[in-house]
Each structure stands twice: as structure tokens, then as C-alpha cells.
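This briefing is intended for a reader who is meeting the structure for the first time.

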Amino acid sequence: MTEATKGVFAMIAACCIWGLSGLFYKQLAHVPPEQVLSHRILWSGVFFASVLAVQGRLPQLLEVLRDWARVRVLLLATAMISLNWFIFITSVQIERATEASLGYYIFPLVSVVLGRLFFGEQLSRAQILAIGLAALAVVVLTYGLGVAPWIALVLGISFAIYGVVKKRLDTGPVVSVTAEVLLLYPLALLVIAATGGGGFQNSWHDAALMMVSGPLTGMPLILFSFAARRVALGSVGVLQYLNPTLQAFVATVIFGELFTPWHGAAFGLIWSAVLIFSFGALRKSRRSAQEAQRAAL
């Protein structure tokens, strides 16, 4: 098996874990979301720190936490990822997971817009068309439901901003995420203490699920990092859409959430945008590979 093939399988595995994670958090729907989030932060920190300890990379973590310039950037990343996690957990609990999946569809398109604004990246015609279709999808859903799809917008925008912030860091993904959750530890521990254990006291079943949320958060990130180093960026972008597709499937087929004609119209526009965006990304990736090949010759 080639390294690229291993990368593709790792990417698929990561997206499947993310896409099916709603099934896990549904089991904790009776626990307030701030308690679930606090335990996710707590056990994620334990998991990531253990990985770094095994790799002998804890000194790198300490170096990052001692650098106030990096910590300032990490604080913004921490705010965005904690908001993203909280809204996703809440969306599953209040039966709005379908809308959450829409947020992860539009996130790459929002990222392209932010790339243009913050890094001066040029937009292709395919990207502009895809962004326009995504914006139209939001307008259609807002008109049809009488309210803006806030869950989708917050998830998509917060994750895109998180990506922009991470791009400014010269730190590996596992080290930086470990630093982020450790910065959240005081708040998480405060919530857990204030709620008498934060759901941990309900049953051994709940306690076990809370602890599993750590590896469930950490494993897909490690798989994604493994894949990103071995698979072309265009392919990574396309494979990422497996995540919201599985989320939408779980929400509508397994959870039985409402899926109106307005949802159908919005998702139709989004899927059209995804196809255009993905085709453009693959073509760009193939062109870059060909240019690199010619340069090597």
C-alpha cells in the first residue's frame, strides 16, 4: 500500500468518526451541553498530553505555553473551537443536527472568503460561483423557515476563523490543540465543580462516555494530520465533505429530524456548490502536480 493510499484511508476514517459523532453525543442528550463540553475538554487534554508524552514532545508543549505571543493567538483559536464544539453538541441535543451538517458544508467556502480577506488569496471563477450558491442556499433557508440558520452559520464561520488563526501558528496540530484545551482547563474544571461533577455523578455509563469523548476528539485529528501530509490538498478538500454528508444522513434517517422542501432546496444548492468547488480544487491540484513534475524534469 502506497503512502498516498494510506493517507486516503486515514482521511476517510477521520471523516467517518466526525460524521458519525452525532450518534455518540446523542447518548448524552440528557446531560447539559456545558457539562458535556467541559468533560470533552478535560479528557481531550488527557488524551493529547498522553500522545505527546509517548512521543517525547511534552517540552514542545511547554515551549508554546511559555511564549505569550503564541498564547495570545491560541486564545482566539481556543474561543473559536470551544464555541464550535458547544454549538455542535447543543444542535444534537435540540434536534438541529441537520442544520449543523449544513454548517460543515459551508465551512470550506467561508474559509476561501477569509483566505481572500486575510491572505490576499485569489478566487477562481469556480470558487466565486460556489460561494454565490452557498449564500443563496442560506437566503432560501432563511426565507423558507422564517429564521436564519444560525447554527449552520456559527459552526461554519467559527471553524473557518479557527482555520485562519491556526494558519498563523508555526506549531504542529497535536501540540497546538493540546495547548488550546489546556488553556480551557480552568473554565472546564470550574463548570464541572459547580455542577457537582458535570454529569459524571449520574451513572457509570455516563462517566464512561464522558471519558471516551477525549479519544473521540483526538483520534480523527491525528488521522487527519497523517492524511494531510500524504494526500494532495484538492483530494483532502473533496474527502472532507464525507463528514457533513454522514452528519446529514444520521440527522435525517437515524434521528428522524424534520427535512422540509426548503431544506431540500438549500441542500440542493449547497451540493451544487460542493461539486463546483471540488471540481475546481481537483483541477487546480492536478495542474500544480503537473507543473511540479515539469519543474523536476
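The largest cavity of this predicted model has a volume of about 50 Å³. The structure holds 1 cavity of 30 Å³ or more. Helices H1, H4, H5 and H11 each supply at least two residues of the lining of the largest cavity, and three of these helices, H1, H5 and H11, return below in the account of helix packing.

**The largest cavity**

- The lining of the largest cavity is formed by Gly19, Gly22, Phe88, Val92, Ala97, Ala100, Gln247, Val250, Ala251 and Phe255.
- Helix H11 gives the most to this lining, with 3 residues.
- Sorted by class, the lining of the largest cavity comprises 7 nonpolar and 3 polar residues, and no charged ones.

**The second largest pocket**

- The second largest pocket has a volume of about 160 Å³.
- Its lining consists of Glu95, Arg96, Thr98, Glu99, Leu145, Glu257, Leu258, Thr260 and His263.

**Packing of H1 with H11**

- Helix H1 spans residues 3-26 and helix H11 spans residues 242-254; the two pack at an angle of about 30°, with their axes 8 Å apart.
- Angles under 35 degrees count as roughly parallel, and H1 and H11 are therefore roughly parallel to each other.
- The crossing of H1 past H11 is right-handed.
- On the H1 side, the contact involves Ile12, Cys15, Cys16, Trp18, Gly19, Leu20 and Leu23, which meet Leu242, Asn243, Leu246, Gln247, Val250 and Ile254 of H11.
- This contact of H1 with H11 has 10 nonpolar residues and 3 polar ones, with no charged residues.
- Gly19, Gln247 and Val250 take part in this contact and also line the largest cavity.

**Packing of H5 with H7**

- The axes of helix H5 (residues 97-119) and helix H7 (residues 150-167) come within 7 Å and cross at roughly 40°.
- H5 and H7 are therefore oblique to each other.
- H5 passes H7 in a crossing that is right-handed.
- From H5, the residues in contact are Glu99, Ala100, Leu102, Gly103, Tyr104, Ile106, Phe107, Val110, Ser111, Leu114, Phe118 and Phe119. They meet residues of H7 that include Trp150, Ile151, Leu155, Phe159, Val164 and Lys167.
- The contact of H5 with H7 has 19 nonpolar, 3 polar and 2 charged residues.
- Among the H5 residues that meet H7, Ala100 also lines the largest cavity, whereas Glu99 also lines the second largest pocket.

**Packing of H5 with H6**

- Helix H6 covers residues 125-145, and H5 packs with H6 at an angle of about 135°, their axes lying 10 Å apart.
- H5 and H6 are therefore oblique to each other.
- The crossing of these two helices is left-handed.
- Leu102, Leu109, Val112 and Val113 of H5 meet Gln127, Ala130, Ile131, Ala134 and Leu141 of H6.
- By class, 8 residues of the contact of H5 with H6 are nonpolar and 1 is polar, with no charged residues.
- Leu102 of H5 meets residues of H6 and belongs also to the contact of H5 with H7.

Key. Residues are numbered from 1 along each chain as its sequence is written. This is a predicted model: local features need pLDDT of at least 70, side-chain atom pairs count only at pLDDT 80 or more; totals for chains, interfaces and linings use all residues. Side-chain values use heavy atoms; hydrogens and water are left out. Axes are lines fitted to C-alpha atoms, for helices over the stretch in contact, and angles run from 0 to 180 degrees between N-to-C directions. Helices (H or I, at least four residues) and strands (E, at least two) are DSSP runs, numbered from the N terminus. Angles under 35 degrees count as roughly parallel, over 145 as roughly antiparallel, 65 to 115 as roughly perpendicular and the rest as oblique. A crossing is left-handed if the near helix is turned anticlockwise from the far one by less than a right angle, and right-handed if clockwise. Contact means heavy atoms within 4.5 Å. Ala, Val, Leu, Ile, Met, Phe, Trp, Tyr, Cys and Pro count as nonpolar, Asp, Glu, Lys and Arg as charged, and the others, Gly among them, as polar. On a 1 Å grid over the protein atoms alone, a cavity is a set of points where a 1.4 Å probe fits but cannot get out, and a pocket is an open set with protein on both sides within 12 Å along at least five of seven lines; lining residues have an atom within 4 Å of a point. Grid points are joined across faces, edges and corners, and a volume is the space filled by probe spheres set on the points.
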